[in-house]
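Biologist: Let's look at a protein model together. I will keep asking how you know.

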Amino acid sequence: MSDPYGRTWWGRKWWRALETIGLNYPDQRIVKGRALAGHGAVTGMSIDAGSVTGRVTDNGRTFETEIQIPVYNASAWAAGMTALSLSPSCVAGLLAGRLPKRIDDVLAETGMRLLPKKFVTEDHNRITATCPCADSREVCAHIMALALVSAAKMDDDPWLVLLLRGGPTRDLAGRLRAARVASMDAAQPV
């Protein structure tokens with residue numbers, strides 16, 4: 001049976017990014033988080049620029065949970081879109097409705113990364129999580145459940161990964177085309 005959380009490389013990388021803030025398999029928080037996610041304990045989930053929020057019900061109590069990640073500003077995204085527009089494999093993947101595996105490599109050339117990489121400590125790579133439960137670790141079972149359910153949502157809609165980082169989600173083809181034309185115009189001799 002396949003894993004319902006992280007069927008895509010980007011969904012898997014999103015929930016596994018929580019390992020960067022102190023969680024490693026087979027931590028019981030992961031096991032309990034999977035159980036909570038599988039039993040529909042996560043409700044009211046929302047993925048917005050810079051945060052994933054939701055309510056997680058556990059043993060009759062409901063916890064308002066949040067995972068935060070820094071967003072990139074408009075100028076960073078303009079540079080990122082230019083880099084992506086110059087990569088045929090990235091353009092093809094994005095136009096096909098998926099995140100190409102090379103997307104982070106291409107964005108790294110501009111100092112960006114969509115999904116955090118384990119053991120990389122740049123400010124734009126920092127994930128923080130909050131939950132009012134009694135667990136003293138930054139990643140509790142409730143945060144893990146939220147991460148898993150949000151990963152499944154991102155599996156179905158890869159543009160949520162862009163949205164999470166403050167990126168463009170509408171008219172991606174037009175934006176890529178405009179970025180490509182602008183970079184070609186800039187390269188023209190005067």
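**Aromatic pairs, cysteines and the fold**

Modeller: Two aromatic pairs turn up in a search of the whole structure. This is a predicted model.

Biologist: Why is the pair of tryptophan 9 and tryptophan 10 called edge-to-face?

Modeller: Their ring centres lie 5.9 Å apart, with the planes at 85°. Centres within 6.5 Å make a pair, and planes over 60 degrees apart count as edge-to-face. Both values pass, so the pair of tryptophan 9 and tryptophan 10 is edge-to-face.

Biologist: Is tryptophan 9 buried or exposed, and how do you know?

Modeller: Tryptophan 9 has 16% relative accessibility. Buried means under 20%. Therefore tryptophan 9 counts as buried.

Biologist: What makes tryptophan 10 count as buried?

Modeller: The cut-off does, again. Tryptophan 10 has 6% relative accessibility, and buried means under 20%. So tryptophan 10 counts as buried.

Biologist: What makes tyrosine 72 and tryptophan 77 an edge-to-face pair?

Modeller: Their ring centres are 6.4 Å apart, and the limit is within 6.5 Å. Their planes stand at 80°, where edge-to-face needs over 60. So tyrosine 72 and tryptophan 77 pair edge-to-face. Both tyrosine 72 and tryptophan 77 are buried.

Biologist: How do you know whether cysteine 133 and cysteine 140 are buried or exposed?

Modeller: Set each value against the cut-off of under 20%. Cysteine 133 has 14% relative accessibility, so it counts as buried. Cysteine 140 has 2%, so cysteine 140 counts as buried too.

Biologist: How many of the 190 residues in the protein chain are buried, as a percentage?

Modeller: Buried residues make up 46% of them.

Biologist: Last one. Which helices and strands make up the protein chain?

Modeller: The protein chain has eight helices and four strands. Along the sequence, the pattern runs α-α-β-β-β-α-α-α-β-α-α-α.

How values were computed
Residues numbered from 1 in each chain as written. Predicted model: local features only at pLDDT ≥ 70, side-chain atom pairs only at ≥ 80, totals over all residues. Heavy atoms only, no water. Buried < 20%, exposed > 50% of the residue type's maximum accessible area, 1.4 Å probe, protein only. Helix = DSSP H or I, 4+ residues; strand = E, 2+ residues; numbered from the N terminus. Phe/Tyr/Trp six-rings, centres within 6.5 Å; stacked < 30°, edge-to-face > 60°.
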